Amino acid sequence: MATTYLCLGANLGEREKNLAQALALLAQKVKLEKVSSIYQTEPVGYEEQPPFLNLVCQISTEMELGELLCLAKAIENRMGRVPSFPNAPRLIDIDILFYDNQIVKTQNLTIPHPRLAERAFVLIPLAEIAPELIHPELSKNIAELASAVREHNGVQKYSGGLNVSTICGGAF
């Protein structure tokens, strides 16, 4: 079983419902181990769009990395995400942050996620569920990376919240 961390984000439609649906679809194929709180975050890159809701989850899976990437893209497609420009608004986004302790660099995928160490909207929820996780390229733990990242002010805990045990049929 591979221990994997995913970041989910949504800024179109019913954002909280989109996150819940994506988690439920993931839970049909992988084991959800931990789910962070939801954070409302300002957009990065293209700023003329609504704020995002983001969360990070830890999963266990027997899927190979390529299969997991296909699953993430299939869920995005099923939920109505359409290809667009980088940093565009979206109904759902699922990024693979870490896959075990692997370092992977291919044309389609880079693991650990290449911009993870720069993004408070990823590091803050990740530090909530895995503060001691070591970034295999930077040799720092997530808590250290989260405390060093700039722009924390654009990331705030969301007042709503998902009931993960309801989403996953009580298995969480």
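User: Leaving aside its neighbours within four places in sequence, which residues is glutamine 58 in contact with?
Analyst: This is a predicted model, and in it glutamine 58 is in contact with Thr3, Thr4, Tyr5, Lys31, Leu32, Glu33, Lys34 and Ile129.

User: Which of the strands is glutamine 58 in?
Analyst: Glutamine 58 is in strand 4, which covers residues 52–61.

User: Is glutamine 58 buried or exposed?
Analyst: Glutamine 58 has a relative accessibility of 10%. The cut-off for buried is under 20%, so glutamine 58 counts as buried.

User: What joins the side chains of glutamine 58 and tyrosine 5?
Analyst: A polar contact of 3.2 Å joins the two side chains, glutamine 58 and tyrosine 5.

User: And the rest of strand 4, how many of its residues are buried?
Analyst: 10 of the 10 residues of strand 4 are buried, so the strand is largely enclosed by the rest of the structure.

User: Which way do the residues of strand 4 point?
Analyst: Phe52, Asn54, Val56, Gln58 and Ser60 point one way, while Leu53, Leu55, Cys57, Ile59 and Thr61 point the other way. In a regular strand, side chains alternate between the two faces of the sheet.

User: How many bridges join strand 1 to strand 4?
Analyst: Strand 1, residues 2–10, is joined to strand 4 by 9 bridges, and the two run antiparallel. One of the partner pairs is alanine 2 with threonine 61 in strand 4.

User: What about strand 2 and strand 3, how do they run against strand 4?
Analyst: Strand 2 (residues 31–35) runs antiparallel to strand 4, with 4 bridges. Lysine 31 stands opposite serine 60 in strand 4. Strand 3 (residues 39–41) also pairs with strand 4 in the antiparallel sense, over 3 bridges. Tyrosine 39 stands opposite asparagine 54 there.

User: New topic. How many disulfides does the structure hold?
Analyst: The structure holds 0 disulfides.

User: Are cysteine 7 and cysteine 70 buried or exposed?
Analyst: Cysteine 7 is buried, with a relative accessible area of 3%. Cysteine 70 is exposed, at 54%.

User: In the largest nonpolar core, which residues touch the most other members?
Analyst: That core has 32 residues, and Leu6, Leu8, Leu19, Cys57, Leu68, Ile75 and Ile94 touch the most other members. The elements that give two or more residues to this core are strand 1, helix 1, strand 2, strand 4, helix 2 (65–78) and strand 5 (93–99). Helix 2 gives the largest share, 6 residues.

User: Which residues does isoleucine 94 touch, not counting those up to four places away in sequence?
Analyst: Isoleucine 94 touches Leu6, Cys7, Leu8, Ala22, Ala72, Lys73, Ile75 and Glu76.

User: On to helix 1. What span should it have, and how far apart are its end C-alpha atoms?
Analyst: With 13 residues and 1.5 Å a residue, helix 1 should span 18 Å, and the end C-alpha atoms are 18 Å apart, which agrees.

User: Which residues of helix 1 are buried?
Analyst: Arg15, Asn18, Leu19, Ala20, Ala22, Leu23, Leu25 and Leu26 are buried. An α-helix has 3.6 residues a turn, so residues three or four places apart point the same way.

User: What is asparagine 18 in contact with, leaving aside its neighbours within four places in sequence?
Analyst: Asparagine 18 is in contact with Ala10, Leu12, Gly13, Met79, Leu91 and Ile92. Its relative accessible area is 10%, so asparagine 18 is buried.

User: Where is asparagine 101, and is it buried or exposed?
Analyst: Asparagine 101 is in the loop between strand 5 and strand 6 (104–105). At 56% relative accessibility, asparagine 101 counts as exposed. Leaving aside neighbours within four places in sequence, asparagine 101 is in contact with Ile134 and Pro136.

User: Last one. How many helices and strands does the protein chain have?
Analyst: The protein chain has 5 helices and 8 strands. Buried residues make up 48% of its 172 residues.

How values were computed
Residues numbered from 1 in each chain as written. Predicted model: local features only at pLDDT ≥ 70, side-chain atom pairs only at ≥ 80, totals over all residues. Heavy atoms only, no water. Buried < 20%, exposed > 50% of the residue type's maximum accessible area, 1.4 Å probe, protein only. Polar contact = N/O pair within 3.5 Å; in protein donor to acceptor, adjacent residues only side chain to side chain. Contact = heavy atoms within 4.5 Å. Pairing = 2+ DSSP bridges. Disulfide = S-S within 2.5 Å. Core = buried A, V, L, I, M, F, W, Y, C linked by side-chain atoms within 4.5 Å. Expected span 1.5 Å × (residues − 1).
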